[in-house]
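Okay everyone, thanks for coming. Let me put the structure up, and then I'll walk you through a few places in it.

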Amino acid sequence: MKRIEIVFLFALVSSTCNAAVNDFCVANLKGPDSPSGYQCKPPNTVTVDDFVFSGFVAGNTTNTFNAALTSAFVTDFPGVNGLGVSAARLDIAQGGSIPMHTHPAATELLIMVEGQITAGFMTPTALYQKTLKPGDLMVFPQGQLHFQVNSGSGKATAFLAFSSANPGAQLLDLLLFGNTLPSDLVAKTTFLDVDQVKKVKARFGGRG
């Protein structure tokens, strides 16, 4: 019995030491990604720069959505690997929008900084929508379909926080129209005319 107790205590001390040593796991981006994140860089190669992200600046909004997302996800910011947190900067030009999308792996917190954004998310039974101004925060639960539209008279900026180092994103417009499904099949499933589907597909690089 005493031998078993000694083995148990040794295992407990060992696991405690490993937990203390592994307070963080800077991503080795040269290795494969997995559901639990990237493998750790060797400790002797970790530097303070792994824990600092310096590119949190406005992106180029000259595109289809008139919007830009500057991400500080694990692939941009290796120090957040395994910590369950990441961030992004959202810039939307006047009249621009972030279309309906989901984040399969994270809840999103939007922090308004400048301008005005009308944002919301929906469930099968309800719509939650609000026009946000600087100082407002809005949370979008993980996996919920949501959107952000610049509803003001100038540019809009918000900071985003996510409950995952790699939140992922699925944009509804790109999923529907940026593919090679035959246009008549897309038309039947969306109740749009075939000509409308082809027009939108051309905008998002779809074919068929």
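So, helices (H or I, at least four residues) and strands (E, at least two) here are DSSP runs, numbered from the N terminus. Quick housekeeping: this is a predicted model, where local features need pLDDT of at least 70, side-chain atom pairs count only at pLDDT 80 or more, and totals for chains, interfaces and linings use all residues. Residues are numbered from 1 along each chain as its sequence is written, and side-chain values use heavy atoms, with hydrogens and water left out.

V52 sits in the loop between helix 1 (2-21) and strand 1 (67-72). V52 comes out at 44%, so partly exposed.

V85 is in the loop between strand 1 and strand 2, and at 38% V85 is partly exposed too. V85 is in contact (heavy atoms within 4.5 Å) with V80, F162, S163, S164 and A165, leaving aside neighbours within four places in sequence.

Now inside. A nonpolar core is a set of buried Ala, Val, Leu, Ile, Met, Phe, Trp, Tyr and Cys residues joined through side-chain atoms within 4.5 Å. The largest one has 19 residues, and L110 and I117 have the most contacts inside it. Which elements give two or more residues to this core? They are strand 2 (86-92), strand 4 (108-114), strand 5 (117-122), strand 7 (137-140) and strand 9 (156-162). Strand 9 gives the most, with four residues. There's also a second, separate core of seven residues, including A27, V74, F77 and A165.

Last stop, N179, in the loop between helix 2 (172-177) and helix 3 (183-190). With 15% relative accessibility, N179 counts as buried. What does its side chain reach at 2.9 Å? That's the backbone nitrogen of L181. A polar atom of the N179 side chain also lies 2.7 Å from the backbone oxygen of L175. Beyond four places in sequence, N179 touches L174, V186, K201, G206 and R207.

Key: Buried means under 20% relative accessible area, exposed over 50%, partly exposed in between (1.4 Å probe, protein chains only). A polar contact is a pair of N or O atoms within 3.5 Å; within protein, one must be able to donate a hydrogen and the other to accept it, and residues adjacent in sequence count only if both atoms are side-chain atoms.
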